[in-house]
Amino acid sequence: MTSPEITVPDIVDRAGALSSRPGAEWWRTAVIYQIYPRSFADSSGDGVGDLPGVTDHLDDLVELGVDALWLSPFQRSPQKDAGYDVTDYCDVDPLFGTLADFDDLLAAAHGRGIRIIVDLVPNHSSDQHVWFQAALAAGPGSRERARYLFRDGKGENGELPPNNWESIFGGPAWTRVVEADGTLGQWFLHLFDSTQPDFDWSNEEVREEFRRVLRFWLDRGVDGFRVDVAHGLVKDAALPDYTPPADADSMGGDEAHVPYWGQDGVHDVYRDWHLLLAEYSGDRALCAEAWLPTIARTALWVRPDEMHQAFNFPYLVTDWDAPALRAVISESLRIYAGVGAPSTWVLSNHDVVRHASRLALTAENPQGHGIGPSSPGKPIADVGLRRARAATTVMLALPGSAYLYQGEELGLPEVVDLPDAARQDPTWFRTQGERYGRDGCRVPIPWSATAPAYGFSPTGDSWLPQPAQWETLAHDVQVDDPGSTLSLYRALLSARRAHGLGAGTLEWLSGFPAGVLAFRNGNVVVVANISDAAITLPRGTVIATSGPIVGDELPVDTAVWLEDARA
């Protein structure tokens, strides 16, 4: 092989150095680490992670090199959907600690230069929420019922639901209530589980309540909110029948018009919230979980007067393929720049198969995108991890903000052999096991190879069973191993900060074989070999590599950062 010359073609993207919103806006370039509290670290010994457990490991996160933590729900909840069913938005569930524990965590994080983002669940509450219980007692036509989407049924006696909508978790999206007099009455909408009734966001009382909730946490000093189901708050007022395609993603993202996703009215909500956050100092931010059919549609959520970030799900679900990755990266940078927003990048979260497994799934064992993949597949472990390390090496070199999910820095795979009796995800139960669900990416993470529950809990208890494989992937096994996945993440994050890659500019490079992704960001050249054969490395000093380099060759499924002396 001859060494390819790095040539710079027409610059496709110069969106990294955004300047349409001046100021030190940390969220434009931040690396944000998602903590799923019940699976991060258990300080109390009950087998469920908690807020003091997070505080205990803040120094590990400082050493990792992240800028902010996104905490999945920790508010009061019956835990029917792991906290995404809230009874009190302004208190901490005793399972996770107390408000004082939260304040301690916030202060300790801020003292270490780490920001805190709180998960907010505005689409629905728990059916145990005081408002919903009052709605059940008050009856049809009441102020209490107007806070939710109660409707009369169809049919001679109202025995049929108001429309044919299906729940995201499987089964019907409507449940009929028994009225106070014992008769069957109205139906209420729940896009998710029947224990998660949807609010009616056309009701000003609902809007005012969430302004109160936002102020409660902002007054305590939080730095922002990740907004759950940010594309779903407003429904088509006509509630028309709708049947999604059989192969549609459960959370949306495939279809142009869905009467319960992406309605125009949601933008008024976020313009209102944007103004509310602007009253506070410290650059508070909103991030949308919005599954929409195109990047262009998603960008509507991050126009200058709305939210600050939106998860880049099209990037997450892109296959391990050089042309496909180049296309989605180019489109993301171009379109988000067009509305003055940063692009975000993410490979794993608490709702999808971990990318150390997902990237190895074949056509026979397809990827599970969105909630409740139909099958976890049987990925080949070494292929999955090799691709995952390379994919992260690419992602952390991109301009914008990046999200990491707890445990991916350890190279954790999806746990695919959980016993049925251990399952917790309502997706599994509502589909009678037809959908695999999300438990496999939520298994408590390992801190110590030899401690009870691999260091997750001092008593050895764990709310989901941990696999024996965790012993070899534990944090303490990897922390001093220069070839470990943890060491790779730490090196990449350090170099990303040192070279200012989050605020940089991407330029695609030519002269490489097909199947190779190559670009420059500042003085860093990134080359990812996604082809079926080794390639010769271009000239440059190696900054970081996702895997071993053999001589002057870059193996398949390997990515490298090189310092380009000419930049």
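Does Val-229 count as buried or exposed, and at what relative accessibility? Select Val-229: at 1% relative accessibility, this residue counts as buried (under 20% relative accessible area; exposed is over 50%, partly exposed in between, with a 1.4 Å probe and protein chains only). The loop that holds Val-229 runs between strand S9 (224-227) and helix H6 (266-278). Helices (H or I, at least four residues) and strands (E, at least two) are DSSP runs, numbered from the N terminus. Check the backbone of Val-229 too: phi is near 50°, a positive value in a residue other than glycine. Most residues other than glycine have a negative phi.

This is a predicted model, in which local features need pLDDT of at least 70 and side-chain atom pairs count only at pLDDT 80 or more, while totals for chains, interfaces and linings use all residues. Residues are numbered from 1 along each chain as its sequence is written, and side-chain values use heavy atoms, with hydrogens and water left out.

**Whole chain**

Zoom out to the protein chain, which has 15 helices and 20 strands. Of its 567 residues, 61% count as buried. Among contacts (heavy atoms within 4.5 Å) with a separation of 6 or more, 68% are between residues 24 or more positions apart. The chain exposes about 20,200 Å², of which carbon and sulfur atoms supply 52%; the area comes from the Shrake-Rupley method with a 1.4 Å probe.

Select strand S4 (residues 88-92). Four of its five residues are buried, so S4 is largely enclosed by the rest of the structure. Strands count as paired if DSSP finds at least two bridges between them. Gln-75 has Val-92 of S4 as its bridge partner.

**H3 and H5**

Next, show helix H3 (residues 99-111) with helix H5 (residues 204-220): their axes come within 11 Å and cross at roughly 55°. That angle makes H3 oblique to H5 (under 35 degrees is roughly parallel, over 145 roughly antiparallel, 65 to 115 roughly perpendicular, and the rest oblique). Axes are lines fitted to C-alpha atoms, for helices over the stretch in contact, and angles run from 0 to 180 degrees between N-to-C directions. On H3, pick Leu-99, Phe-102, Asp-103 and Leu-106; on H5, pick Phe-216, Trp-217 and Arg-220. These contact residues divide into five nonpolar, no polar and two charged. Ala, Val, Leu, Ile, Met, Phe, Trp, Tyr, Cys and Pro count as nonpolar, Asp, Glu, Lys and Arg as charged, and the others, Gly among them, as polar.

**A three-strand sheet**

Move to the open sheet with the order S6-S8-S7 and antiparallel pairing. Strands S6 (150-151) and S7 (174-178) are the edges, each pairing on one side only. Two bridges link S6 to strand S8 (residues 184-189), and Phe-150 has Phe-188 of S8 as its bridge partner.

**His-308**

Select His-308, in the loop between helix H7 (295-299) and strand S11 (309-310). His-308 is buried, with a relative accessible area of 7%.

**H11 and H15**

Last, show helix H11 (residues 381-395) and helix H15 (residues 485-498), packed at an angle of about 10° with axes 10 Å apart. H11 is therefore roughly parallel to H15. The contact includes Leu-385 and Arg-389 of H11 and Leu-488 and Tyr-489 of H15.
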